[in-house]
Amino acid sequence: MIEHSRTKPVVDLILASRMVAILRLDDLTHAIPLVEALLRGGVRAIEFTLTNPDAPAIIAKLRRVIPAFDEGVAAIGLGSVRNAEEARIAVNAGAQFLVSPIALAGIVDEAKKHEIAVCLGAYTPTEIAFGWQLGADIIKIFPARSLGPGFIRDVLAPMPYLKLMPTGGVDLTNLQQYLAAGAVAVGVGGKFLDPDWIRNERWTDVTKAASEFAQAALFGTDTVRTDTDRTDTGRQGTSGT
């Protein structure tokens, strides 16, 4: 495994905040006030997705106008990255981390080339192990709604070194259960924001919801695992990634 001094702060930020807010939006008109409202609520890792082709341009703009992303107190990433070309688009836009629903070597290679943190998607134990071997900083368990917190616990029993982030179907009723099962963070998407709040510019409601999720992620369990609590045991043959 190669150590990347520039990726570690972003990974550490995700592990410390224990949550990534996923913004899969058809309309990005209000992206700037939306992100500002999320930051006021305590969200520190924010992911836009390539399902909207305007997302890279929005990330570039947000990097210019919101100092928090360059100051190290927040990170902005691009999700739904499905191949090396899309990884390059994300890097060129200024994304500080990449998230994919799948595990492909080309995505990792592009991310590591530019010292960008990368989360690869997986569903089965074999896929999880494969993504970790490729050099992913975090494995996104997706879709988690059909697996549940028990799956996280079961996978970590024989592979406790993994950093797992369940995504899909995570809300306030199960977020704490996933973290208690050993997940290092959760990805929160559709359950997070009411689209009417964004359309009607109800930023106070956005901030309130953000605060509820951010606080639940931070204080939902008594034991918080950090990056140094888990070694890279089991990651062999990744020096070329």
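The largest nonpolar core in this predicted model has 73 residues. L38 and F48 make the most contacts inside that core. Helix α11 (residues 203–219) gives the most to this core, with seven residues. A second, separate core holds 17 residues. Strand β5 (residues 117–122) is largely enclosed by the rest of the structure, because six of its six residues are buried.

**Nonpolar cores**
- L38, with F48, has the most contacts inside the 73-residue core.
- Beyond its neighbours within four places in sequence, L38 touches L23, V43, I46, F192, L193, V206 and A210.
- The second core of 17 residues includes V11, V20, F97 and A117.

**Burial of strand β5**
- In a regular strand, side chains alternate between the two faces of the sheet.
- On one side of β5, A117, C119 and G121 are buried.

**Strand neighbours of β5**
- Strand β4 (residues 97–99) runs parallel to β5, joined by three bridges.
- Within that pairing, L98 has V118 of β5 as its bridge partner.
- Strand β6 (residues 138–141) also runs parallel to β5, joined by four bridges.
- Here C119 stands opposite I138 of β6.

- Helix α6 (residues 105–113) forms a right-handed β-α-β unit with β4 and β5.
- Helix α7 (residues 125–134) forms a right-handed β-α-β unit with β5 and β6.

Conventions:
Residues numbered from 1 in each chain as written. Predicted model: local features only at pLDDT ≥ 70, side-chain atom pairs only at ≥ 80, totals over all residues. Heavy atoms only, no water. Buried < 20%, exposed > 50% of the residue type's maximum accessible area, 1.4 Å probe, protein only. Helix = DSSP H or I, 4+ residues; strand = E, 2+ residues; numbered from the N terminus. Pairing = 2+ DSSP bridges. Right-handed = clockwise from strand over helix to strand, strands pointing away. Core = buried A, V, L, I, M, F, W, Y, C linked by side-chain atoms within 4.5 Å. Contact = heavy atoms within 4.5 Å.
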